[in-house]
Amino acid sequence: MKTKISVSEKKKEVLENLRNFGARLYGQMEEGAFPWIKMPSRSIQNIFYSPEVRQYILGDKAVRRSSRNIRHIRPFTQLVWAAYFAYELAKNRKTSTLRDVYYSAQAFDVAFKDQPESNSIITDLETVVGFAREDFNVFPEERSAIFGDLTIEYTVRGYEGRQYNLMSHPDGVMIGPAITSAEFVKTSTDMVIAIEKGGLFTRFIEEEVHKKFNALLVLLGGQAPRASRHFIYRLNKELELPVHIFTDGDPWGMHIAMVIISGSANAAHLRDLTTPDARWSGVWATDIVDYRLPSDELTPVDIKRLYELQKDPRYKGDLWQKEIKKFLKIRKKAEQEAFSRYGLTYIVDKYLPEKLKEVA
Amino acid sequence: MVTFEEISPADFFYRNRDIAGFTNPVRAIFSALRELVENALDATDLSGVPSEVYIRLSHDNDTELGDDVYRLRIGDNGCGIPARHIPSAFGQVLFGSKYKLKQARGTFGLGGTMAILYGQITTHKPVNIVSSTGTSRIYKYALMIDIQRNRPLILDRTIQINKEQWHGTFIEFSLEGDYSRAMPKILEYLKQTALVTPYANITFVDPKGRLYKFTRVTTKTPPPPKETLPHPYGVDVETMQRLQRITDCQTMPDFMQKHFHRVGETISLSFLDFAGFIRTSDPKNLKGEDISRLVKAIKKNKKKGKNGFSHNLSVKEMQHFIRNTQSGNLVDFMKTHFKGVEKSVILRLLHAAGFIRTKAPRKLRSDEIVKLVRMMKKFDGFLPPDASCLSPLGEDLLKVGILKELKPEYIVVSQRKPSTYSGHPFIVETAIAYGGDIPAKDDILIYRFANRIPLLYDEASDICVKVIRSMNWRRYKVSPSMPIVILVHICSTKVPYKTVGKEFIADRPEVKKEVLNGLREVARQLQHFLTKKEYVARERRRLDVFSKYLPKIAKFSTNLAGKEKEPNIKVLLRSARKFED
């Protein structure tokens with residue numbers, strides 16, 4: 001328990017920021033001005049990769065949105081409404097989804113044209129307030145899961161102070177609003193193993209990987225939801241657990257790992273979603289060769305993606321460049337399940353120990 | 001055996017009533033009403049008092065004839081018809097007062113009589129006519145038409161004393177028809193007639209006893225047209241022959257000036273010279289007195305100096321010129337010796353001094369007549385016809401008429417300058433009405449008029465419609481779904497109809513050009529209006545947006561900030577306003 005980030009402290013800060021936002025507009029109107037805001041631009045031209053922060057960040061360019069502008073006033077109103085909606089949610093400790101936001105707007109006669117418009121307003125609000133939407137209780141639909149010896153203490157309404165061990169359920173525990181907002185109490189584990197696919201997550205639990213490696217298992221379920229990315233960040237930061245990410249051996253799997261490590265351009269306005277020290281521990285292109293894994297040909301789309309990644313600033317590291325080159329050379333890809341060729345337990349008994357040793 | 005026989009004009013139209021618009025009971029009742037209304041309006045235009053036209057259509061009481069027989073009664077307060085012409089005017093096809101060169105609704109002397117003829121052949125009943133020209137007598141006639149001989153048969157004639165100096169005409173007769181199906185067209189016709197005749201009171205009582213009243217909104221009438229002479233460009237051989245036979249002019253220049261439109265001395269001489277109808281003596285054959293007369297004429301001429309004649313020309317010098325000249329006639333001689341003098345000046349001088357000889361017009365041979373007509377078409381020195389023979393409605397009256405019948409939100413009217421086609425003067429008037437009581441249909445409504453007659457049939461073939469269809473209306477911000485009426489009025493001494501039924505206007509390039517230009521003019525103005533309207537609407541929408549969202553921003557911010565009272569946004573809303581309502 002080194003750097004404890006207090007969940008309740010953060011909640012207070014979120015509410016404070018939302019209040020200030022309202023007060024600022026209120027003040028502008030009192031002075032007889034059309035309310036306006038200034039926020040960092042999220043246009044492509046203003047997104048930069050920062051080697052220091054090890055993630056994408058927004059540049060100095062700012063946009064000014066004024067309710068005086070006829071084209072801005074509707075989205076402006078929607079933004080203010082979204083702030084109000086988020087404030088009410090956070091204050092009452094209720095959660096909702098992006099879909100809820102879309103529908104709720106209709107009750108206030110500030111209806112969105114479609115879901116993307118509503119999502120974009122929420123992203124605006126994140127930028128203005130400086131917190132991820134999960135912090136003001138707007139969650140995405142996708143959920144991932146966690147299993148392992150970690151005791152948490154709920155802060156959600158009705159469960160305040162109650163403790164729970166995440167090994168209690170053999171299917172793992174969904175990383176939903178309740179887990180996300182929980183405080184960490186204690187853990188005996190030494191590391192986090194994040195897995196791309198549900199099948200392998202279950203196999204790992206069955207094969208007692210958590211015991212054998214003294215690890216917390218996290219199911220990503222494809223591209224990890226932001227709540228999970230933030231949760232992994234907390235595991236790494238607060239509990240100082242090293243993080244290993246296992247994905248399929250193809251450009252898409254690589255990128256799942258990369259987004260956890262260095263974040264995405266879409267989230268350049270947010271912090272605390274990335275875990276720069278996390279490791280991509282397979283399946284590597286070299287594994288396909290070394291373990292003689294059953295493999296498929298790379299498709300033209302896969303190859304195009306590899307060339308894109310090769311130029312991506314996040315992939316500057318030696319490992320990444322080496323593996324990309326290898327993929328392009330062998331023109332093959334393999335899924336995590338490919339190890340089953342050598343028996344169902346081979347991956348746990350043989351591959352995983354070797355790999356963890358290699359990465360460490 | 002093939003037999004040959006002659007038929008009278010009445011017989012011809014009896015056999016071919018389709019071409020005059022009496023195709024079927026529906027069309028016939030419409031055409032009959034329309035022809036007589038037009039005659040009534042022409043008659044009132046001539047009388048100079050604001051028109052009163054009364055129309056009554058009722059079921060004929062004669063039950064033997066069946067339901068589809070109607071009695072049509074039309075009366076007017078027009079100039080009336082002189083008693084001696086009444087029988088022929090109504091009982092003889094192609095007899096009329098409108099074969100003159102001036103604008104009138106009727107032109108063929110056919111319509112009114114055709115209506116009566118149609119009535120007669122479908123019901124075999126006489127027509128009753130009451131008319132007075134405002135003298136002390138009113139004449140009443142009962143007539144039938146002897147179709148085979150094209151002659152009126154007078155069945156009865158009575159004379160009444162006209163105490164009140166009433167003038168006008170009433171006609172009543174029976175005819176077969178189908179009013180219920182003709183009704184929409186008849187009402188549309190009356191409405192459009194009222195639009196283009198805003199100074200007329202038109203009353204219509206239909207067979208069901210319904211009263212339709214179109215009330216005048218002005219007593220101003222358009223200036224009556226003046227009768228005009230034929231323009232040289234519009235003359236054909238037949239016309240020329242007739243003129244040549246009846247003229248009392250002894251010389252061709254006189255003939256030209258007296259019988260043709262806008263032909264004066266200079267033009268007549270230039271033309272006749274151009275056409276080769278002028279003869280002058282060989283200078284060498286001039287006698288002494290001729291030479292001194294010529295010199296005198298030259299001295300008297302005002303055109304002196306550089307581009308004229310020399311100042312002090314003596315008889316001796318002239319004789320010297322004549323001795324040495326190569327020219328075989330006086331015109332050439334003068335041209336060569338007085339360089340710089342215009343030919344027309346020389347011609348006038350020679351004409352004034354009596355040196356020009358032409359044939360007497362009555363003695364022209366037929367080949368000469370043909371040549372004369374041909375040269376008239378080739379000669380480019382004639383002046384365009386003036387428009388005094390035309391009686392366009394005028395922008396003000398057109399506006400008033402449209403306002404009265406269509407009650408639009410916006411009107412623009414335009415009158416083009418007079419123009420001509422084949423020697424016939426014409427004027428195009430255009431108008432566009434927008435919004436108000438005009439319904440928005442799938443397509444723009446087009447009202448066509450010719451000599452103040454609404455044209456209701458064969459729209460697709462009409463030149464105006466073709467021009468309208470060819471225009472890119474989107475350029476003028478006009479879309480077909482807008483509530484718009486486009487109006488085109490063509491008036492001319494000879495409207496280029498394609499049929500006797502007067503339903504649509506033929507494709508004449510000159511007419512087409514004027515119609516297009518007229519339409520462009522009003523379309524441009526409409527565009528300005530629509531642009532402005534759009535701007536106002538946009539501003540209103542803008543203000544609506546502000547009024548909708550600003551209070552919400554205020555409310556949400558107040559909640560967020562945890563304040564009690566909402567900020568005052570009235571000032572903001574006021575400043576968003578660009579204009580006052």
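Guide: A salt bridge is a side-chain nitrogen of Lys or Arg within 4 Å of a carboxyl oxygen of Asp or Glu. Side chains of opposite charge can pair when their charged atoms come close. This is a predicted model, so local features need pLDDT of at least 70 and side-chain atom pairs count only at pLDDT 80 or more, while totals for chains, interfaces and linings use all residues. Residues are numbered from 1 along each chain as its sequence is written, chains are lettered from A and ligands numbered from 1 in the order in which they are written, and side-chain values use heavy atoms, with hydrogens and water left out.

Start between the two chains. B:Lys548 pairs with A:Asp109 in a salt bridge, with 3.7 Å between the closest N and O atoms. The interface of chain A and chain B holds two salt bridges. Here 28 residues of chain A are in contact with 24 residues of chain B. Contact means heavy atoms within 4.5 Å.

The size of an interface is often given as the accessible area lost when the parts come together. Buried area is the accessible area (1.4 Å probe) that two parts lose on being put together, summed over both. Chain A and chain B bury about 2200 Å² between them, and carbon and sulfur atoms give 77% of that.

A polar contact is a pair of N or O atoms within 3.5 Å; within protein, one must be able to donate a hydrogen and the other to accept it, and residues adjacent in sequence count only if both atoms are side-chain atoms. Two residue pairs, both at pLDDT 80 or more, are in polar contact across the interface of chain A and chain B. On the side of chain A that touches chain B, α1 and α2 (73–91) of chain A are the elements that give two or more residues. Sorted by class, this side of chain A has 19 nonpolar, four polar and five charged residues. Ala, Val, Leu, Ile, Met, Phe, Trp, Tyr, Cys and Pro count as nonpolar, Asp, Glu, Lys and Arg as charged, and the others, Gly among them, as polar. Helices (H or I, at least four residues) and strands (E, at least two) are DSSP runs, numbered from the N terminus.

Now look inside chain A. Chain A is split into domain 1 (7–139) and domain 2 (183–359). Such domain bounds come from an automatic or database domain assignment. The C-alpha centres of domain 1 and domain 2 of chain A are 33 Å apart. Their contact involves 19 residues of domain 1 of chain A and 21 residues of domain 2 of chain A. Together the two domains of chain A bury about 1700 Å², with 54% of it on carbon and sulfur atoms. Within domain 1 of chain A, the residues that lose the most area to domain 2 of chain A are A:Arg54, A:Gln55 and A:Tyr56, together 37% of what that side buries.

Domain 1 and domain 2 of chain A share three salt bridges. A:Glu126 forms a salt bridge with A:Arg226, and their closest N and O atoms are 2.2 Å apart. A network of salt bridges links A:Glu126, A:Arg133, A:Glu134 and A:Arg226. On the side of domain 1 of chain A that touches domain 2 of chain A, at least two residues each come from α1 (7–30), β2 (47–50), β3 (55–58) and α4 (115–129) of chain A. β3(A) gives the most to that side, with four residues. By class, that side of domain 1 of chain A has nine nonpolar, four polar and six charged residues.

Next, pairs within chain A. A:Glu297 and A:Lys332 form a salt bridge, with closest N and O atoms 3.1 Å apart. A:Glu297 sits in strand β16 (residues 296–297) and A:Lys332 in strand β17 (residues 332–333) of chain A, so the pair ties together parts 35 residues apart in sequence. Buried means under 20% relative accessible area, exposed over 50%, partly exposed in between (1.4 Å probe, protein chains only). A:Glu297 is exposed at 54%, and A:Lys332 is partly exposed at 27%. A:Lys333 meets A:Asp302 in a salt bridge at 2.8 Å, N to O. A:Lys333 is in strand β17 of chain A and A:Asp302 in helix α11 (residues 300–311) of chain A, so this pair ties together parts 31 residues apart in sequence. A:Asp302 is buried, at 3% relative accessibility.
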